[in-house]
Amino acid sequence: MSENMTKHLVVSNSNLLIRVTSGQVAYITSDGSYSTMVLTDGRQHVFSFNLSTFERLLETQLGTESQIFIRLGKSLIINSSYIYCINVSKQELVLSGFDLREEISLSASREALKALKSVIEESTKSRRIGI
């Protein structure tokens, strides 16, 4: 595969196969053994496996591209490309961006949001991110 070709994430179960690029995935949320992948256009797809399984799919299929995804707590994986606002006191994370049809407001624990905020602040202090 050439460097400029975008990798695709293929997620399937017995009845459904979804093939998307990493940029099409806004976030993935989990409720026990079910996970819902929410795309930037608002479409949602439910799969009968947990978030850890989704994490492994991202890593094995996308390789280094999977680093844009950040797991926040037990039930949320976000596409960090769309982080717009982190409000620790309100326990709110807002995703926004050109590809997103509308802003998405998610809730997460204070601890997870504080850690995310720190990671982003640290990464902006250096021009050598991800090296």
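I take helices (H or I, at least four residues) and strands (E, at least two) as DSSP runs, numbered from the N terminus. With that convention, I placed H45 in strand β5, residues 44–47.

**Entry 1: basis of the work**

I worked on a predicted model, in which local features need pLDDT of at least 70, side-chain atom pairs count only at pLDDT 80 or more, and totals for chains, interfaces and linings use all residues. Residues are numbered from 1 along each chain as its sequence is written, and side-chain values use heavy atoms, with hydrogens and water left out.

**Entry 2: the chain as a whole**

I found two helices and ten strands in the protein chain. Read from the N terminus, the order of elements is β-β-β-β-β-α-β-β-β-β-β-α. The radius of gyration is 15 Å, close to the 14 Å that the globule rule gives for 131 residues, so the protein chain is as compact as a globular protein of that length. Here the radius is taken over C-alpha atoms, and the globule rule is 2.2 Å times the number of residues to the power 0.38. Along the principal axes, the C-alpha atoms fill a box of roughly 40 × 35 × 25 Å.

I next looked up surface and burial. The accessible surface of the protein chain is about 8300 Å², and carbon and sulfur atoms hold 48% of this area; the method is Shrake-Rupley with a 1.4 Å probe, and for residues only the protein chains shown count as cover. Of the 131 residues, 34% are buried (buried means under 20% relative accessible area, exposed over 50%, partly exposed in between, with a 1.4 Å probe and protein chains only).

For contacts (heavy atoms within 4.5 Å), I noted that 39% of those with a separation of 6 or more join residues 24 or more positions apart.

I also looked up the charges: there are 14 positive and 13 negative side chains, and the centres of the two sets lie 4 Å apart. Lys and Arg count as positive and Asp and Glu as negative, while His and the chain ends are not counted; each charge is placed at NZ of Lys, CZ of Arg, CG of Asp or CD of Glu.

I followed β4 through its two pairings (two strands pair if DSSP finds at least two bridges between them). Strand β3, residues 25–31, runs antiparallel to β4 and is joined to it by six bridges. In this pair, D31 stands opposite Y34 of β4. The two strands form a hairpin with two residues between them, and G32 in the turn has a positive phi of about 65°.

On to β5: four bridges join β4 to this strand, again in an antiparallel pair. V38 stands opposite Q44 of β5. This hairpin has four residues between its strands, and the phi of G42 in the turn is positive, at about 95°.

Five of the six residues of β4 are buried, so this strand is largely enclosed by the rest of the structure. T36 lies in β4, residues 34–39, and is buried at a relative accessible area of 16%. Beyond four places in sequence, the contacts of T36 are Y27, I28, T29, Q44, H45 and V46.

H45 is buried too, at 15% relative accessibility. With residues up to four places away set aside, H45 touches L16, I18, S35, T36, M37 and L39.

**Entry 3: L9**

L9 belongs to strand β1, residues 8–12. I recorded a relative accessible area of 1% for L9, which is buried. Its contacts beyond four places in sequence include I18, V20, V25, M37, F54 and L62.

**Entry 4: β9 and β10**

Strands β9 and β10 pair in the antiparallel sense over four bridges, and V94 has S105 of β10 as its bridge partner.

I104 lies in β10, residues 104–107, with a relative accessible area of 14%. Outside four places in sequence, I104 is in contact with A26, Y27, L93, V94 and L95. The C-alpha atoms of I104 and A26 are separated by 8.8 Å, although the two residues are 78 apart along the chain.

**Entry 5: Q91**

Which phi does Q91 have? I read a positive value near 55°, in a residue other than glycine. Most residues other than glycine have a negative phi. Q91 sits in the loop between β8 (83–87) and β9 (92–95), and is partly exposed, with a relative accessible area of 30%.
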